[in-house]
Amino acid sequence: MQVTTEIRVRVTDLDFLGHVNNAVYMQYLECGREEWYREAGINYNQQAERGISTVVVHAGINYRKEARQGERLSIKTKPLRRGKKSFSFYQEILNEHGEIVIDATATEVCFDLRNRISVTILAEIAVHFEGLEE
């Protein structure tokens, strides 16, 4: 399942060169993953009530093109692969012309909030990664 989220670049997202700051892209990507979880019907509050959350353990970004104030960007997020405890998303941010601004991968784990350790992927997440096992 691929989910697309739209965002407009704000002046506060820019660095002194006048384009989106590299650290801001991490926030954009997180927004894309949050929307993916929402569309997948996965509720953070319900997970937390069970003592589980998801955390990013690795992120890799390729910066391809600059984005500037006022531009509309599309954040595309889709499952990439799944292990026993980890799962990865592939994400792209495209500008208004359909050009790739960045592409990225983010690897997450399910995290036991009480014991502070990674645990096996929750079934409601794993189902969206079927066929993508390592």
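**How the strands pair**

Me: What is the bridge partner of Asp112 in strand 6?

Reply: In strand 6, Asp112 has Ile117 as its bridge partner. Strands here are DSSP runs of E with at least two residues, helices are DSSP runs of H or I with at least four residues, and both are numbered from the N terminus. Two strands are said to pair if DSSP finds at least two bridges between them.

Me: Before we go on, what kind of model is this?

Reply: This is a predicted model, in which local features need pLDDT of at least 70 and side-chain atom pairs count only at pLDDT 80 or more, while totals for chains, interfaces and linings use all residues. Residues are numbered from 1 along each chain as its sequence is written, and side-chain values use heavy atoms, with hydrogens and water left out.

Me: Back to the strands, then. How many bridges hold strand 5 and strand 6 together?

Reply: Strand 5 and strand 6, the latter being residues 117–119, pair over three bridges in the antiparallel sense. They form a hairpin with four residues between them, and in that turn Arg116 has a positive phi of about 60°.

Me: Which way do strand 4 and strand 5 run?

Reply: Strand 4 and strand 5 run antiparallel and are joined by nine bridges, and Tyr90 stands opposite Thr105 of strand 5. These two strands also make a hairpin, with five residues between the strands, where Gly98 takes a positive phi near 80°.

Me: How many bridges join strand 2 to strand 5?

Reply: Strand 2, covering residues 52–63, is joined to strand 5 by 11 bridges, again in the antiparallel sense. Within strand 5, Ile102 is the residue that Tyr63 stands opposite.

Me: Is strand 5 largely enclosed or open, and why?

Reply: Strand 5 is largely enclosed by the rest of the structure, because 11 of its 13 residues are buried.

Me: Let's look at one residue there. Is Thr107 buried or exposed?

Reply: Thr107 lies in strand 5, which spans residues 100–112, and it counts as buried because its relative accessibility is 14%. Its side chain makes a polar contact of 2.8 Å with the side chain of Ser88. A polar contact is a pair of N or O atoms within 3.5 Å; within protein, one must be able to donate a hydrogen and the other to accept it, and residues adjacent in sequence count only if both atoms are side-chain atoms.

Me: What else is Thr107 in contact with?

Reply: Setting aside its neighbours within four places in sequence, Thr107 is in contact with residues including Val55, Val57, His58 and Phe87, where contact means heavy atoms within 4.5 Å.

Me: Changing topic, where is Lys85?

Reply: Lys85 is in the loop between strand 3 (72–82) and strand 4 (86–94), and with a relative accessible area of 36% Lys85 is partly exposed. Lys85 and Leu122 are 37 residues apart in sequence, yet their C-alpha atoms are 9.0 Å apart in space.

Me: How many disulfides are there?

Reply: The structure has zero disulfides, a disulfide being a pair of cysteine sulfur atoms within 2.5 Å. Cys110 is buried, with a relative accessible area of 0%, whereas Cys31 is partly exposed at 36%.

Me: And the whole protein, what pattern does it follow?

Reply: The protein has three helices and six strands, which follow the pattern β-α-α-β-β-β-β-β-α along the sequence. Strand 1, residues 3–8, runs antiparallel to strand 3 with six bridges, and strand 3 is joined to strand 4 by eight bridges, also antiparallel. Of the 134 residues in the protein, 40% are buried.

Notes:
Buried < 20%, exposed > 50% of the residue type's maximum accessible area, 1.4 Å probe, protein only.
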